[in-house]
Amino acid sequence: MDADSSTWAAAGMRHIWLPYTQMQTATPPLPVVRTQGSRIELADGRTLIDGVASWWTACHGYNHPHIAAAVQQQLADMPHVMFGGLVHEPALRLATRLAGCLGGGLERVFYTDSGSVAVEVAMKMAVQYWLNQGASGRTRFLAFRGGYHGDTLGTMAVCDPDEGMHTRFQGMLIGHDIVALPVDELAEAALDAYLARHAHGLAGILVEPLVQGAGGMLMHAPEVLQRLRRLADRHGLLLIFDEIFTGFGRTGTMFAFQQAGVWPDIITLSKALTGGTLPLAATVASRRIFDGFLSDDPGHALMHGPTFMGNALACAAANASLDLFEQAPRLAQVAAIETVLRERLAPLAALPWVADVRVLGAIGAVELRQIHDREALKRRFADAGVWIRPFGRIAYVTPAFTIAPEELDFLMDAMGKVLAQGQP
C-alpha cells in the first residue's frame, strides 16, 4: 500500500462505521483506488475481478464512458434542484422511458434515493390508496418467507422474521402476514383460504419476482407470480413487485415479471437503475393507483418528498444506462453469462459441503450446508483474485453484463478452486 493510501485508510478507519460488520472482530476492508470494467484496483496494487457488480448495481461495468459523459454534462448544466414545485428534463424524460419499458399501465413514477425507501413509498401508496377510497384498517401486507425488502423500520417488518437479519427488532416492528410462497396449486389453494379470512385487513401483497435476493438467492418459477396476480384480484388486494435486485436484465429479461406475463399495481426499482453510478430509486404506480389520489381534498395527496428526489445527476446517469440497454446487446450478454454459470457451477453440486447450486440469468448461487467463517472465505476469494462477498450460507456471483469472457472464466476458476478447498 502506498504512503498516501496508507494514511487515509488508517485515519479514516478510526471514524467509519461499516455496514453488516462486527467491527471488533472483522477483517479490515480492502481500500480501493480505482475501478474499470469488471476490475477493482486496490491500494496495495492488486486487482480483483468483481464477481458481484457492487451489490448488483454496476450492470454495464465500472466507469462506462457513455454514463460518465452524461453525468459530466449534467454536472455542468445543473447537478440538482429541489423537486418540490420544480421539475427538470432528465427526471421527466426518465419517467417517460421507464413507463414505456414497463408497460401494463405502470405510468406514474415517484423518485427516491434508495431501494428501501422505494419499498416504503410503495407500502405508503398502497395504504393511502385504500384510505382515499374510504377503506380504513387495511394497513398490513402479505409478504413471504425468505423475502428481503430493506433495512429501514418499515421494510424490516416485511422481511423474513425468522431467517432474516432483522429478528432482534421484532418488538418494535409493525406486524405483517409472512407466509410461504404459493409454489404449486396446493399452496395456492392454502393461500386462497388464508386470504379469504384475512384480506380485509391487508393493503397488498409484496414479493420479489423470480429471485428472493438477500434472503438467499431463492428462486421460484414465473407461475408463482401468476398465482399471486390471481389471488390479488380475487381478494381485492394490490400487488407490489419489488424489483430492486431483479430489474434491468439481471434475470434474463429487462424485468423479471415479464417472464410471467402479468403486471403489478406498483413496482419498485433501484440498484442497476443508474448502472451503479449514483443513488436513485423509483416507485412506479399504475394509472388506477395514481387516480386514487386525485381529489379536491389536499389530504388525498401522497405526502412524501425526499430532499434529493429526482436528482438531476442520477437521472442523467439512469437515462444513459437505458441508452445502453437500447443500443448494446445486454440481454444477449446475460444469456451468454447464464450459459457459462450453468456449465461451470454445476460440478460444485457434487462437493459434500454444497447443498444446492442455482442459476438464473446473470445470477449464480452456491448454497453451502454451513459457513463457519465468512470472513475467512471472503479472504480466500480475494487471495484468488476475485471479489465475492458471501452472506448467510451463500457464495454467489452476479457479474457485470459486460464482463469479458476471460474475466468470467477467471471468476469461475477462482470460485471452483476456493470452494473445492474444503468446508469454509
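The model is predicted, so local features need pLDDT of at least 70 and side-chain atom pairs 80 or more, while totals for chains, interfaces and linings use all residues. Residues are numbered from 1 along each chain as its sequence is written, and side-chain values use heavy atoms, without hydrogens and water.

Glu188, Leu191 and Leu195 are the buried residues of H7 (buried is under 20% relative accessible area, exposed over 50%, partly exposed in between, with a 1.4 Å probe and protein chains only). Seen down the helix axis, these residues fall within an arc of 65 degrees, so they line one face of H7; the arc is that of the directions from the axis to the C-beta atoms. An α-helix has 3.6 residues a turn, so residues three or four places apart point the same way. The face turned away from the buried side carries the exposed residues Leu186, Ala196 and Arg197. The buried residues of H7 pack against strands E5 (140–144), E6 (177–179) and E7 (202–207) and helix H8 (222–234), contact meaning heavy atoms within 4.5 Å.

Elsewhere, Asn319 lies in helix H10 (residues 312–327). At 2% relative accessibility, Asn319 counts as buried. Not counting residues up to four places away in sequence, Asn319 touches Pro90, Arg93, Leu94 and Arg97.

Technical notes
Helices (H or I, at least four residues) and strands (E, at least two) are DSSP runs, numbered from the N terminus.
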